[in-house]
Amino acid sequence: MATPSQWIAGARPRTLPAAVVPVAVGTGVAIGYGGAVWWRALLALFVALALQVGVNYANDYSDGVRGTDDERVGPMRLVGSAAAAPREVLAAALGCFLAAAAAGLVLVVATGAWWLLLVGAVSIAAAWFYTGGSKPYGYRALGEISVFVFFGLVAVAGTTFVQLEWLPWTALAASVPVGLLACAMLVVNNLRDIVTDRPAGKRTMAVVLGDTRTRTLYTLCLVLPLVIAVALTPWQPFAALAVLATPLAVGPVRAVRQGATGPALIATLQQTGRFQLVYGLLFTVGLALHAL
(Lines give C-alpha, C1' and ligand atoms only; values in the text may rest on other atoms or scores of the structure.)
Protein backbone atom coordinates (compact mmCIF):
# COMPACT_ATOMS: atom_id res chain seq x y z
CA MET A 1 0.00 0.00 0.00
CA ALA A 2 1.37 3.38 -1.00
CA THR A 3 2.13 5.84 1.79
CA PRO A 4 0.66 9.37 1.83
CA SER A 5 4.04 10.78 0.81
CA GLN A 6 4.14 8.42 -2.16
CA TRP A 7 0.66 9.49 -3.24
CA ILE A 8 1.78 13.12 -3.03
CA ALA A 9 4.89 12.32 -5.08
CA GLY A 10 2.69 10.47 -7.59
CA ALA A 11 0.56 13.60 -7.97
CA ARG A 12 3.77 15.29 -9.23
CA PRO A 13 3.49 18.57 -7.29
CA ARG A 14 6.29 20.14 -9.35
CA THR A 15 3.90 20.25 -12.30
CA LEU A 16 1.18 22.14 -10.42
CA PRO A 17 2.34 25.61 -11.53
CA ALA A 18 0.92 24.61 -14.93
CA ALA A 19 -2.52 24.67 -13.26
CA VAL A 20 -2.02 27.69 -10.99
CA VAL A 21 -0.51 30.12 -13.51
CA PRO A 22 -3.30 30.16 -16.14
CA VAL A 23 -5.97 30.72 -13.49
CA ALA A 24 -3.91 33.53 -11.94
CA VAL A 25 -3.33 35.18 -15.32
CA GLY A 26 -6.97 34.82 -16.34
CA THR A 27 -7.97 36.41 -13.04
CA GLY A 28 -5.44 39.20 -13.63
CA VAL A 29 -7.19 39.97 -16.92
CA ALA A 30 -10.56 40.00 -15.14
CA ILE A 31 -9.22 42.38 -12.49
CA GLY A 32 -7.85 44.63 -15.21
CA TYR A 33 -11.34 44.94 -16.67
CA GLY A 34 -12.90 45.52 -13.26
CA GLY A 35 -14.86 42.29 -13.12
CA ALA A 36 -13.06 39.81 -10.87
CA VAL A 37 -15.30 37.43 -8.93
CA TRP A 38 -13.12 35.79 -6.32
CA TRP A 39 -15.21 32.75 -5.49
CA ARG A 40 -15.39 31.91 -9.19
CA ALA A 41 -11.62 32.37 -9.50
CA LEU A 42 -11.03 30.01 -6.58
CA LEU A 43 -13.43 27.46 -8.06
CA ALA A 44 -11.62 27.71 -11.41
CA LEU A 45 -8.34 27.10 -9.56
CA PHE A 46 -9.82 23.99 -7.95
CA VAL A 47 -10.92 22.72 -11.37
CA ALA A 48 -7.46 23.30 -12.84
CA LEU A 49 -5.65 21.63 -9.94
CA ALA A 50 -8.02 18.65 -9.92
CA LEU A 51 -7.51 18.17 -13.66
CA GLN A 52 -3.72 18.46 -13.32
CA VAL A 53 -3.51 15.92 -10.52
CA GLY A 54 -6.02 13.74 -12.32
CA VAL A 55 -4.01 13.69 -15.54
CA ASN A 56 -0.85 12.91 -13.56
CA TYR A 57 -2.50 9.91 -11.92
CA ALA A 58 -4.06 8.87 -15.23
CA ASN A 59 -0.63 8.97 -16.89
CA ASP A 60 0.81 7.00 -13.99
CA TYR A 61 -1.86 4.35 -14.45
CA SER A 62 -1.76 4.13 -18.25
CA ASP A 63 2.03 4.18 -18.59
CA GLY A 64 2.34 1.78 -15.67
CA VAL A 65 0.07 -0.91 -17.09
CA ARG A 66 1.79 -0.59 -20.48
CA GLY A 67 5.21 -1.05 -18.88
CA THR A 68 6.46 2.32 -20.13
CA ASP A 69 7.63 3.25 -16.62
CA ASP A 70 9.47 0.01 -15.83
CA GLU A 71 12.79 1.81 -16.32
CA ARG A 72 12.29 5.38 -15.17
CA VAL A 73 14.77 8.19 -14.57
CA GLY A 74 12.40 10.83 -13.21
CA PRO A 75 10.17 11.04 -10.13
CA MET A 76 8.56 7.85 -8.90
CA ARG A 77 5.43 6.45 -10.44
CA LEU A 78 2.98 4.60 -8.25
CA VAL A 79 2.12 1.80 -10.68
CA GLY A 80 5.54 1.52 -12.28
CA SER A 81 7.23 1.15 -8.89
CA ALA A 82 4.49 -1.22 -7.63
CA ALA A 83 3.85 1.13 -4.71
CA ALA A 84 0.12 1.10 -5.51
CA ALA A 85 -2.17 -1.24 -7.40
CA PRO A 86 -3.27 -0.02 -10.86
CA ARG A 87 -6.94 0.02 -9.84
CA GLU A 88 -6.13 2.34 -6.91
CA VAL A 89 -4.33 4.83 -9.12
CA LEU A 90 -7.12 4.63 -11.70
CA ALA A 91 -9.68 5.34 -8.98
CA ALA A 92 -7.65 8.35 -7.82
CA ALA A 93 -7.52 9.72 -11.37
CA LEU A 94 -11.24 9.25 -11.93
CA GLY A 95 -11.98 10.81 -8.53
CA CYS A 96 -10.01 13.91 -9.50
CA PHE A 97 -11.84 14.16 -12.81
CA LEU A 98 -15.19 13.81 -11.04
CA ALA A 99 -14.26 16.55 -8.56
CA ALA A 100 -13.22 18.85 -11.42
CA ALA A 101 -16.48 18.14 -13.24
CA ALA A 102 -18.57 18.91 -10.15
CA ALA A 103 -16.79 22.22 -9.50
CA GLY A 104 -16.99 23.10 -13.17
CA LEU A 105 -20.73 22.45 -13.17
CA VAL A 106 -21.15 25.07 -10.45
CA LEU A 107 -19.42 27.60 -12.71
CA VAL A 108 -21.62 26.59 -15.64
CA VAL A 109 -24.77 27.16 -13.58
CA ALA A 110 -23.43 30.47 -12.22
CA THR A 111 -22.66 31.86 -15.68
CA GLY A 112 -25.55 30.25 -17.53
CA ALA A 113 -23.06 29.37 -20.29
CA TRP A 114 -24.10 25.79 -20.88
CA TRP A 115 -21.67 25.40 -23.77
CA LEU A 116 -18.95 25.27 -21.10
CA LEU A 117 -20.14 21.71 -20.41
CA LEU A 118 -18.68 20.71 -23.77
CA VAL A 119 -15.41 22.47 -22.96
CA GLY A 120 -15.21 20.61 -19.68
CA ALA A 121 -16.00 17.26 -21.26
CA VAL A 122 -13.36 17.76 -23.94
CA SER A 123 -10.81 18.81 -21.29
CA ILE A 124 -11.40 15.64 -19.26
CA ALA A 125 -11.28 13.50 -22.39
CA ALA A 126 -7.99 15.14 -23.38
CA ALA A 127 -6.59 14.45 -19.92
CA TRP A 128 -7.50 10.77 -20.12
CA PHE A 129 -6.52 10.04 -23.72
CA TYR A 130 -3.11 11.68 -23.38
CA THR A 131 -1.76 8.27 -22.38
CA GLY A 132 -5.03 6.35 -21.96
CA GLY A 133 -7.05 4.32 -24.45
CA SER A 134 -5.83 2.15 -27.30
CA LYS A 135 -4.29 5.05 -29.26
CA PRO A 136 -3.01 7.67 -26.79
CA TYR A 137 -2.13 10.91 -28.53
CA GLY A 138 0.73 11.52 -26.11
CA TYR A 139 2.48 8.63 -27.86
CA ARG A 140 2.04 10.44 -31.18
CA ALA A 141 3.91 13.69 -30.49
CA LEU A 142 0.73 15.66 -29.77
CA GLY A 143 1.21 16.19 -26.03
CA GLU A 144 2.69 19.68 -26.30
CA ILE A 145 -0.12 20.84 -28.58
CA SER A 146 -2.70 19.60 -26.09
CA VAL A 147 -0.91 21.27 -23.17
CA PHE A 148 -0.73 24.56 -25.06
CA VAL A 149 -4.45 24.44 -25.83
CA PHE A 150 -5.78 23.30 -22.46
CA PHE A 151 -3.28 24.82 -20.01
CA GLY A 152 -2.93 27.96 -22.10
CA LEU A 153 -5.86 29.00 -24.23
CA VAL A 154 -8.69 27.14 -22.48
CA ALA A 155 -7.54 27.71 -18.91
CA VAL A 156 -6.73 31.42 -19.24
CA ALA A 157 -9.69 32.32 -21.43
CA GLY A 158 -12.02 30.13 -19.40
CA THR A 159 -10.96 31.69 -16.09
CA THR A 160 -11.50 35.18 -17.49
CA PHE A 161 -14.85 34.29 -19.04
CA VAL A 162 -16.41 32.75 -15.92
CA GLN A 163 -15.66 36.00 -14.06
CA LEU A 164 -16.44 38.66 -16.67
CA GLU A 165 -19.00 36.56 -18.62
CA TRP A 166 -17.45 37.94 -21.81
CA LEU A 167 -14.03 37.44 -23.36
CA PRO A 168 -11.62 40.33 -24.04
CA TRP A 169 -8.86 39.83 -26.60
CA THR A 170 -6.29 40.31 -23.82
CA ALA A 171 -7.22 36.93 -22.36
CA LEU A 172 -6.45 35.21 -25.67
CA ALA A 173 -3.16 37.08 -26.06
CA ALA A 174 -2.15 36.32 -22.47
CA SER A 175 -2.89 32.64 -22.97
CA VAL A 176 -0.05 32.29 -25.50
CA PRO A 177 2.92 32.80 -23.12
CA VAL A 178 1.12 30.81 -20.45
CA GLY A 179 0.66 27.91 -22.85
CA LEU A 180 4.30 28.07 -23.92
CA LEU A 181 5.49 27.86 -20.32
CA ALA A 182 3.23 24.88 -19.68
CA CYS A 183 4.73 23.27 -22.79
CA ALA A 184 8.22 23.91 -21.42
CA MET A 185 7.44 21.69 -18.43
CA LEU A 186 6.40 18.83 -20.71
CA VAL A 187 9.29 19.37 -23.13
CA VAL A 188 11.98 19.15 -20.45
CA ASN A 189 10.23 16.14 -18.91
CA ASN A 190 10.14 14.34 -22.26
CA LEU A 191 13.70 15.39 -23.05
CA ARG A 192 14.80 13.58 -19.91
CA ASP A 193 12.82 10.49 -20.87
CA ILE A 194 13.92 10.13 -24.50
CA VAL A 195 16.23 7.25 -23.63
CA THR A 196 13.40 5.24 -22.05
CA ASP A 197 10.46 6.42 -24.17
CA ARG A 198 12.00 5.51 -27.53
CA PRO A 199 12.52 1.79 -26.80
CA ALA A 200 9.11 1.65 -25.08
CA GLY A 201 7.43 2.87 -28.27
CA LYS A 202 6.34 6.16 -26.74
CA ARG A 203 6.83 8.66 -29.60
CA THR A 204 6.71 11.95 -27.75
CA MET A 205 7.59 15.15 -29.58
CA ALA A 206 11.04 14.89 -27.99
CA VAL A 207 11.52 11.43 -29.48
CA VAL A 208 10.37 12.65 -32.90
CA LEU A 209 12.47 15.84 -32.87
CA GLY A 210 15.53 14.29 -31.32
CA ASP A 211 17.76 15.62 -28.56
CA THR A 212 19.17 18.76 -30.22
CA ARG A 213 15.94 20.15 -31.63
CA THR A 214 14.09 19.39 -28.40
CA ARG A 215 16.59 21.54 -26.52
CA THR A 216 15.95 24.35 -28.99
CA LEU A 217 12.19 23.97 -28.54
CA TYR A 218 12.58 24.17 -24.77
CA THR A 219 14.63 27.37 -25.08
CA LEU A 220 11.97 28.96 -27.28
CA CYS A 221 9.24 28.02 -24.80
CA LEU A 222 11.05 30.02 -22.10
CA VAL A 223 12.27 32.96 -24.20
CA LEU A 224 9.16 33.71 -26.26
CA PRO A 225 6.94 34.46 -23.21
CA LEU A 226 9.39 37.22 -22.24
CA VAL A 227 9.22 38.64 -25.76
CA ILE A 228 5.41 38.51 -25.76
CA ALA A 229 5.18 40.30 -22.42
CA VAL A 230 7.16 43.19 -23.91
CA ALA A 231 5.14 43.11 -27.14
CA LEU A 232 1.91 43.61 -25.19
CA THR A 233 3.04 46.83 -23.56
CA PRO A 234 1.38 49.20 -26.10
CA TRP A 235 -1.99 47.88 -24.87
CA GLN A 236 -1.00 46.53 -21.45
CA PRO A 237 1.84 48.79 -20.22
CA PHE A 238 2.50 46.84 -17.04
CA ALA A 239 2.66 43.42 -18.73
CA ALA A 240 6.42 43.92 -19.03
CA LEU A 241 6.68 43.31 -15.28
CA ALA A 242 6.95 39.64 -16.25
CA VAL A 243 10.42 40.35 -17.65
CA LEU A 244 11.64 40.65 -14.05
CA ALA A 245 11.46 36.85 -13.93
CA THR A 246 14.22 36.57 -16.56
CA PRO A 247 17.04 35.66 -14.11
CA LEU A 248 15.09 32.54 -13.14
CA ALA A 249 15.13 31.37 -16.77
CA VAL A 250 18.91 31.61 -17.13
CA GLY A 251 19.77 28.51 -15.09
CA PRO A 252 17.40 26.02 -16.71
CA VAL A 253 18.10 27.31 -20.23
CA ARG A 254 21.85 27.08 -19.63
CA ALA A 255 21.52 23.53 -18.27
CA VAL A 256 19.48 22.38 -21.26
CA ARG A 257 21.70 24.13 -23.80
CA GLN A 258 24.81 22.63 -22.21
CA GLY A 259 23.46 19.11 -22.58
CA ALA A 260 22.09 18.17 -19.15
CA THR A 261 20.59 14.67 -19.18
CA GLY A 262 18.92 12.17 -16.89
CA PRO A 263 18.65 13.07 -13.19
CA ALA A 264 20.18 16.52 -13.86
CA LEU A 265 16.99 17.43 -15.72
CA ILE A 266 14.88 16.75 -12.64
CA ALA A 267 16.38 19.89 -11.10
CA THR A 268 15.79 21.70 -14.39
CA LEU A 269 12.13 20.71 -14.28
CA GLN A 270 11.87 22.22 -10.81
CA GLN A 271 13.60 25.41 -11.97
CA THR A 272 11.27 25.61 -14.95
CA GLY A 273 8.28 25.40 -12.64
CA ARG A 274 9.73 28.16 -10.47
CA PHE A 275 10.23 30.43 -13.48
CA GLN A 276 6.74 29.62 -14.73
CA LEU A 277 5.22 30.50 -11.36
CA VAL A 278 7.11 33.78 -10.87
CA TYR A 279 6.55 34.86 -14.49
CA GLY A 280 2.86 34.05 -14.11
CA LEU A 281 2.46 36.01 -10.89
CA LEU A 282 4.29 39.05 -12.28
CA PHE A 283 2.28 38.84 -15.51
CA THR A 284 -0.90 38.62 -13.44
CA VAL A 285 -0.01 41.76 -11.50
CA GLY A 286 0.84 43.59 -14.72
CA LEU A 287 -2.48 42.68 -16.34
CA ALA A 288 -4.42 43.56 -13.19
CA LEU A 289 -2.84 47.04 -13.11
CA HIS A 290 -4.64 47.76 -16.39
CA ALA A 291 -7.55 48.82 -14.19
CA LEU A 292 -5.59 51.85 -12.91
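Colleague: Is Tyr-279 buried or exposed?
Modeller: Tyr-279 is buried, with a relative accessible area of 0%. Buried means under 20% and exposed over 50%, with partly exposed in between (1.4 Å probe, protein chains only). This is a predicted model: local features need pLDDT of at least 70, side-chain atom pairs count only at pLDDT 80 or more, and totals for chains, interfaces and linings use all residues. Residues are numbered from 1 along each chain as its sequence is written, and side-chain values use heavy atoms, without hydrogens and water.

Colleague: How many aromatic pairs does a search of the whole structure find?
Modeller: Eight. Rings of Phe, Tyr and Trp (its six-membered ring) pair if their centres lie within 6.5 Å. Planes under 30 degrees apart are stacked, over 60 edge-to-face, the rest tilted.

Colleague: Why is the pair of Phe-275 and Tyr-279 tilted?
Modeller: Because their planes are at 55 degrees; the ring centres are 6.0 Å apart.

Colleague: And where is Phe-275, buried or exposed?
Modeller: Phe-275 is buried, also at 0% relative accessible area.

Colleague: Which residues form the aromatic cluster?
Modeller: Phe-275, Tyr-279 and Phe-283.

Colleague: New topic. What sits over the ring of Tyr-139?
Modeller: The charged end of Arg-66, 5.3 Å from the ring centre. The rule is NZ of Lys or CZ of Arg within 6 Å of the centre and within 35 degrees of the ring normal.
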